[in-house]
Each structure stands twice: as C-alpha cells, then as structure tokens.
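Let's take a walk through this structure together. Have the sequence and the 3D view open as you read.

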Amino acid sequence: MAQEVRGVIAPGKNEPVRVETIVVPDPGPGEAVVQIQACGVCHTDLHYKQGGISDDFPFLLGHEAAGIVESVGEGVTDVAPGDFVILNWRAVCGRCRACLRGRPWYCFDTHNAKQKMTLAATGQELSPALGIGAFAEKTLVAAGQCTKVDPSVSPAVAGLLGCGVMAGIGAAINTGNVGRGDSVAVIGCGGVGDAAIAGSHLAGAAKVIAVDLDDRKLQTAREMGATHTVNSKETDPVEAIRELTGGFGADVVIDAVGRPETYKQAFYARDLAGTVVLVGVPTPEMKLELPLLDVFGRGGALKSSWYGDCLPSRDFPMLIDLHLQGRLDLQKFVTETIALDEVENAFERMHQGDVLRSVVVL
Ligand SMILES: [Zn+2]
Ligand SMILES: [Zn+2]
C-alpha cells in the first residue's frame, strides 16, 4: 500500500520551501522504502530551490540522509528491512564500461528509483533532489542507493557522509591520494573543504594548510585538523602556501570553492609534479585561462573529484568505523539539529555562513 508522509517541497523557483503530504509508493523491483532518521541541509538543496539545477519543479529536497530500510522490492538482496543505511546518489550499475574495468566509482550509468513519489493534494510527480528526496519521513530509492553501516553511529552524523563530507574526505584520500607526510592545502573551508582537511589529517598529512576569507571558518578548520591557516583577504594564498612549504608549494592542493581564481591559486600553490583536485562545483559561465606551457612545465596531475570519487559500499562503512574508533570526528560537522519545518530558516543560516551543517532529525 502506498503511504502518505510529510516531506519538504520546493514548489517553484525561489519560492519558500514548505512541508506537504507526499505519497510514497511500495518499492518495485530493485527499489527500497527507507524511513529517514536524519538528513543534512546542503547547498545543493538551496540550488534546487533557486532553479539552479533544473526546472523540474516541484522538488522533494534533502539528500544527505541516514535511516532504516522499511521494505524492499523484488530482487533486492543487498539490503533488508531493519538495516541501518546511509543513502548515496551514485548507485553503481555494475555493467557500464567504467564498472566493467573495475573502476565503479566512475560509474557512467548510476540509477535511482523508477517509480515516482507524488504530491498527495494534486497527484503531481515529484523530482527528488539527487534522486533521493530525504527531507521526508520516508522516501523511495533504488536499493543500490542504500549502504549498510554500523547502526551504533548517530543518524545525524551518518547522513552527512552521503554527500558533502564524503566529497571532501574523498577529494583528499581518493582523488588526491594524500598519504603520510604529504603537505596539503585546502582552499575554501565550508563543509566540503573542512572534510578535505579532516580527510588529509586522517591520511597522515604532515602539513594541512587551510585557506579562506573568513577567520571564523579558519578557526573551525583548525579544529578539523588544519596545521596552518591563511586568510586570503589579507595575504596572497599562493605566496603563503609556498612559504609554509619551504618555498616549493604543497604536494596536493584541493580547490573546494570551484572558481577560476581559486583554481589558479591551487594550480600555482602546488609543488612541481604535485596534484590539484577540483571538488568545488563551478557554474556554467566560468572559464579558465592558463598558460599551456605552465600546465606542461609544472607537470603532475590536474584532477576533478566527483562525489569524492567514492565507492559507497567501500567508503561509507570504513569511515563510520573510523569515526566510531575516535579517529575521524564526524560529529564536528553537525552544527545544529532542526525539525522538518525549519529547512527554510536553515537555508538562510547556511547562506550567512553561520553553520557548517544543520541536520533535520525526524
Ligand atoms: Zn556502471
Ligand atoms: Zn549535498
């Protein structure tokens, strides 16, 4: 039987979000219904509301979530009712050319639930944010979007791994391949940048340099594991990073902002043969200009990090285990917990830079 639950809807471009009754169908083949326990508020949800991602309104927002599998459809074997799971937005297909070459974190054919959730009042189909839609008491996803983790972790903490925190940690440990003794610089210290700092610290980086315009954010970056901070409003970040690394530049520089200016800083602030990782998401009008001779002459690797190049089935349980062992403090990312009807206010606080993550707890 389809169920009616409450969910946070973005009804139209720049209209305030609101709680509405939505209809969640029973899971079909390969699908699962998940009872959501917690879901973080991410910039991407705000971009959906602003019409920056697509025009497929109404959206069911929320995508950094954890909860309990309530029911599964035909053919689902990896998860069962009662499992505690983190939702991911890249359920790998296992059959595309990336998957078949043993690189499933690049999967080119990730999937979501086939059935649609709808608005109870009008029957209108909903577009779930990143194929998840988890600012809701329950949501329908592809079973592959559910990754089982140790249930002793707090749901508010676990859910954050589903998006921004994983993107940042993965940018450091998967894409950037940060290792013991490396020097790392991270430009932009919001949720993703802080996670890149925490990931670099976890991987054993000897030096982790945090760069931001806001001293409050640099303070938080220190708590996440930054060994040095640079306020790029006052100091040229390229010179500062070079100075802190014996005049050479960092082994890995992570651009967690995603603008041409910050990318250029990252490009020139790395050591010869170093690595640049772009994890901040640019907008369509942005263009990059660099002397091609510098690209050649400085060598190394210029990489982009999709979702931290994560493989949820490999990375989520590992990172939760490290958190539970006290080696990766994910609790620091949870600034506040809020109710389902407070998402609109949380967008405001996020926009002001007052919070790292507000997390809706159901
Ligand atoms: Zn694939
Ligand atoms: Zn997100």
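This is a predicted model: local features need pLDDT of at least 70, side-chain atom pairs count only at pLDDT 80 or more; totals for chains, interfaces and linings use all residues.

Cys 42 sits in the loop between strand 3 (31–40) and helix 1 (43–49), while His 63 belongs to the loop between strand 4 (59–60) and strand 5 (64–72). The pair is 21 residues apart and links distant parts of the chain. Are these two, Cys 42 and His 63, buried or exposed? Both of them are buried.

Now turn to the zinc ion (ligand 1). Its protein donors are Cys 93, Cys 96, Cys 99 and Cys 107, each through SG, and they lie 2.3 to 2.4 Å from the ion. Here the spacing along the chain reads C-x2-C-x2-C-x7-C. What is the geometry of the site? The angles among the four donor atoms are 105 to 119 degrees, and the site is tetrahedral. Cys 93 counts as buried because its relative accessible area is 11%, under the 20% limit. Cys 96 is buried as well, with a relative accessible area of 11%.

Next, step back to view the whole chain. The domain assignment gives domain 1 as 3–162 + 329–361 and domain 2 as 169–305. The C-alpha centres of domain 1 and domain 2 are 29 Å apart. Where they meet, eight residues of domain 1 are in contact with eleven residues of domain 2.

Six strands make up an open sheet with parallel pairing, in the order 13-12-11-14-15-16. Strand 13 (228–231) and strand 16 (301–304) are its edge strands, each pairing on one side only. On average, neighbouring strands of the sheet are turned by 20 degrees against each other, ignoring direction. Helix 6 (residues 215–224) packs on the sheet and touches strand 12 (207–212) and strand 13. The direction of helix 6 makes about 165 degrees with that of strand 13.

How values were computed. Residues are numbered from 1 along each chain as its sequence is written. Chains are lettered from A and ligands numbered from 1 in the order in which they are written. Side-chain values use heavy atoms; hydrogens and water are left out. Two strands pair if DSSP finds at least two bridges between them. Helices (H or I, at least four residues) and strands (E, at least two) are DSSP runs, numbered from the N terminus. Axes are lines fitted to C-alpha atoms, for helices over the stretch in contact, and angles run from 0 to 180 degrees between N-to-C directions. Contact means heavy atoms within 4.5 Å. Donors are N, O and S atoms within 2.8 Å of the metal (3.2 Å for Na, K and Ca); water is not among the atoms, so sites may look incomplete. Four donors count as tetrahedral if all angles lie between 85 and 135 degrees; four count as square planar and six as octahedral if opposite donors are over 155 degrees apart and all others between 65 and 115; anything else is irregular. Buried means under 20% relative accessible area, exposed over 50%, partly exposed in between (1.4 Å probe, protein chains only). Domain bounds come from an automatic or database domain assignment.
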